[in-house]
Amino acid sequence: MSPTTLYSFDTEYSADSCEYLAEHGILATGTYQVNKLDPESESPETERLGRIYLHRIDNSPDLACSELSRTETPAVLDMKWSGKESLLATVNASGQLVTFKFQPEDSDLVHLSTHQISEGLALALDWNKSYDKLVISDSKGKVHVLDHCDENAVVNEFCGHGYEAWTCCFSAWDNNKIFSGGDDCRCVVSTAMTRGPEDL
């Protein structure tokens, strides 16, 4: 049996991340677009554009959805809501961690901070179960651990992969254990606060 489509919308750019904030019934959708600045060149420079959409989802039988806002950003590659304070952490093609706060009274995102994390692309992120640390992986194969309570200061950083590290996450049971995977065909388990990844 095929699923029933309840709602769809044109994201204009390619959509690569969707995150739902159940407390407020808000769906965030992140997108990216790579444009060649000089299509005639053999090695054209590119720009990576992105946008974050917010939709309110009314979980009625008809599933009413309405667009609330659009936020222009560098290409969004991953994002996660925090379980505290309605914070949305995003990573982008400029190697940045950008955090926003959802304001219910305005039905919009308010920019809180931007931190340069990587010389490459910041590809993935995750909150730990206490929502006080973040792990971010990048296109240089590096894994970064940040302390959200200390203005997102980097507390650990190591080269976990030989190529792009496309995914990372904290253990759901252990705040000091992180997992990452990349184009080097390795799944790596690391301790968040000390150096030294280990292959699974």
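Biologist: How many salt bridges does the count come to?
Modeller: Six, where a salt bridge is a side-chain nitrogen of Lys or Arg within 4 Å of a carboxyl oxygen of Asp or Glu. This is a predicted model, with local features needing pLDDT of at least 70 and side-chain atom pairs counting only at pLDDT 80 or more, while totals for chains, interfaces and linings use all residues. Residues are numbered from 1 along each chain as its sequence is written, and side-chain values use heavy atoms, with hydrogens and water left out.

Biologist: Which residue does E12 form a salt bridge with?
Modeller: R70, with the closest N and O atoms 3.2 Å apart. That pair links distant parts of the chain: E12 lies in the segment before β1 (14-21) and R70 in strand β4 (residues 64-74), 58 residues apart. Strands here are DSSP runs of E, at least two residues long, numbered from the N terminus.

Biologist: What about R186, which residue is its salt bridge with?
Modeller: D184, the closest N and O atoms being 3.8 Å apart. R186 is partly exposed, with a relative accessible area of 30%, whereas D184 is buried at 16%.

Biologist: Switching to strands. How many bridges join β1 to β2?
Modeller: Seven, and the two strands run antiparallel. Strands pair if DSSP finds at least two bridges between them. E19 has A28 in β2 as its bridge partner. β1 and β2 form a hairpin with four residues between them, and G25 in the turn has a positive phi of about 65 degrees.

Biologist: Where is T31 placed?
Modeller: In strand β2. T31 counts as buried, because its relative accessibility is 0%. Its C-alpha atom is separated by 7.3 Å from that of T11, 20 residues apart along the chain. Leaving out residues up to four places away in sequence, T31 touches several others, including T11, Y13, D16, L49, R51 and V76. Contact means heavy atoms within 4.5 Å.

Biologist: Now the open sheet. What is the order of its four strands?
Modeller: β9-β10-β11-β12, with antiparallel pairing. β9 (122-127) and β12 (153-159) stand at the edges with a single partner strand each, so one side of each has no neighbour in the sheet. Strand β11 (residues 142-147) is joined to β12 by six bridges, and V143 stands opposite F158 in β12.

Biologist: Cores next. Which members of the largest nonpolar core touch the most other members?
Modeller: L54, W81, L88, F102 and L109, out of 13 residues. A nonpolar core is a set of buried Ala, Val, Leu, Ile, Met, Phe, Trp, Tyr and Cys residues joined through side-chain atoms within 4.5 Å.

Biologist: Which elements give two or more residues to this core?
Modeller: β2 (26-36), β3 (46-58), β5 (76-81) and β7 (96-103). There is also a second, separate core of ten residues, among them I117, L125, W127 and L134.

Terms used
Buried < 20%, exposed > 50% of the residue type's maximum accessible area, 1.4 Å probe, protein only.
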